[in-house]
Amino acid sequence: LMVLDDDHEYVPHALGELSRELVHRGGQGVVTFFAYFLRGLMVPQGADVIALPLGAGVVAELLPRYHREFVAGDGSCFLVDDLWIGMFLHLIGKSVTSLRELVTSRGLQMVYRRTENAKV
């Protein structure tokens, strides 16, 4: 599963590269092109694409339940979606690995550019 922003245009290699990195790690954990620490919690950024393995009912069962109980109906969660995704991953025991070096080794700062329809 890939989480990304719908108002960004991504470099051609982004999704394939993250997919290969996830498979290379045996489908364990989560990979992203950028994440940051907040009070000991590794927070992946959806703008920089988050790749996580499907399976074990995580997406089909746990994520919808988590969303209903802690996110749905709270307008402020729209602006902190990366944080609540990071907390969800922490609670289900998935580690987050930032692959920032794959971006900077190409001389880039980001794997996307904001499109004209970007509002936030």
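This short talk looks at an aspartate in a loop and then at a group of aromatic rings.

What we have here is a predicted model, in which local features need pLDDT of at least 70 and side-chain atom pairs count only at pLDDT 80 or more, while totals for chains, interfaces and linings use all residues. Residues are numbered from 1 along each chain as its sequence is written, and side-chain values use heavy atoms, with hydrogens and water left out.

Let me begin with Asp7, which sits in the loop between strand E1 (2-3) and strand E2 (8-10); strands (E, at least two residues) and helices (H or I, at least four) are DSSP runs, numbered from the N terminus. Asp7 counts as buried because its relative accessibility is 14%, where buried means under 20% relative accessible area, exposed over 50%, and partly exposed in between, with a 1.4 Å probe and protein chains only. The side chains of Asp7 and His8 are joined by a polar contact of 2.8 Å, that is, a pair of N or O atoms within 3.5 Å, one able to donate a hydrogen and the other to accept it within protein, where residues adjacent in sequence count only if both atoms are side-chain atoms.

Now to the rings. Rings of Phe, Tyr and Trp (its six-membered ring) pair if their centres lie within 6.5 Å, with planes under 30 degrees apart counted as stacked, over 60 as edge-to-face and the rest as tilted. The count comes to 4 aromatic pairs. In one of them, Tyr66 and Phe70 have ring centres 5.2 Å apart and planes at 45°, so the pair is tilted. Both residues lie in helix H2 (residues 58-70), yet Tyr66 is buried at 10%, whereas Phe70 is exposed at 53%.
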